[in-house]
Amino acid sequence: MPDPITLREVESIAKDKLPRHVYEFYASGSDAQNALVRNEKAFHRLCIRPRVLIDVSEIDTTAEILGYRASLPIGIAPSAMQRLAGGGGELDVSRAAGRMGLNLTLSSQSTTSLEEVARTRKEHCQDSLTAPPFWMQIYLYEDIQKSVDLIRRAEAAGYQALVVTVDTPVLGNRLTERRMPVVLPQGMELPNVQRAQSTTARQPSVNRLLMNARTAAEAKALRDAVGNIMHSSSLTWAPTMTFLRSVTHMKIILKGIMTGEDAALAVQHGADAIIVSNHGGRQLDATCATIEALPEVVAIVQKRCPVILDGGIRSGADVFKALALGADFVLVGRPALWGLAYNGQEGVETTMHILERELSRTMALAGAKCLEDITKDKLAVVARDRFGIAKL
């Protein structure tokens, strides 16, 4: 089989290699999967307006985020249970990110301990003095004090920022997971999370048991039994941010912001960065695409903190469009998993090299020598009511 040269080809290979229920676990969204599809299709309405006769013989794709430098404005998003995808799971992803100088966020639902991932990353960074940004994702428990141990472990291991997922008071209605439950094979665990004794081997977390509840009474009984280690559904702005600042010196990034109102509150309460994300279409199915939400958020934030986009990016041109709309950085989740399934560490590197080449080529063809040249005037939107395009 020839080496893949697009992300679609990488995914096709991964789909053939993975067990069906594992592929569907990663690939599927919630309910009718409208948000999942919209995340990708919304990029198609945007066109790039190329400028010519510009010296683009040297293209600079390096990006700075929260005081750290990365080789690309593209980080690897947190995704759960990567050893299910194959290879060394989180360790292969960490090795790839370290070798390529890429930002990486580890999921708290990882199948490798956060300490082992941190050690592996450090060993594979090209230059430890200029290592790229390295973050830890977390869901806060209903009993928020039960989150303290994981936060302090991450800080002690050298993670620079805490990515707090804020869009998951409950799991979205993930029909594929309900019909084909993910089974952790013998010997595979979630070493970073606390588990309830009542959960079964067929469910990695108690939150998925709640998703499967068929009645309000069943859901209430489960919450009453083990609710203190479920994802919190009672978090509010000031107490949450005050708590986080009291237990860590890491930067605080809020993941799951989709409106200008919440972006304003994030800035007001001192978030160091925000991630515009709809959880890869796995939470509220009726929401808009993240690229559609981005302009409103950017307009509200006004450069007071970095705005990161997550969701639907499947090409370097998509990265270009997100940056042109005002994102400071982007994250990709599923593409890294498909690379992992395709060929472990080398597969992840293949995926990220594809994105790098596509972004670099798009920049050259559009007349942008560096990321600062990727501005809003280089985009247009396909007109709905007439032929042609309209400048943004």
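This dialogue looks at two residues, Arg95 and His279, in a predicted model.

Colleague: What should I keep in mind before reading local features here?

Modeller: Because the model is predicted, local features need pLDDT of at least 70 and side-chain atom pairs count only at pLDDT 80 or more, while totals for chains, interfaces and linings use all residues. Residues are numbered from 1 along each chain as its sequence is written, and side-chain values use heavy atoms, with hydrogens and water left out.

Colleague: Where is Arg95 placed, and is Arg95 buried, partly exposed or exposed?

Modeller: Helices (H or I, at least four residues) and strands (E, at least two) are DSSP runs numbered from the N terminus, and Arg95 lies in helix H4, residues 90-100. Buried means under 20% relative accessible area, exposed over 50%, and partly exposed in between, with a 1.4 Å probe and protein chains only; Arg95 counts as partly exposed because its relative accessibility is 22%.

Colleague: Which residues does Arg95 contact, leaving aside neighbours within four places in sequence?

Modeller: Contact means heavy atoms within 4.5 Å, and on that basis Arg95 touches Thr120, His124 and Gln345.

Colleague: What does UniProt list for "active site", and where is that residue found?

Modeller: An unreviewed UniProt entry lists His279, though such annotations may be inferred rather than shown by experiment. His279 is in the loop between strand E9 (273-276) and helix H12 (290-301).

Colleague: Is His279 buried or exposed?

Modeller: With 11% relative accessibility, His279 counts as buried, and its contacts beyond four places in sequence include Tyr139, Asp167 and Lys255.
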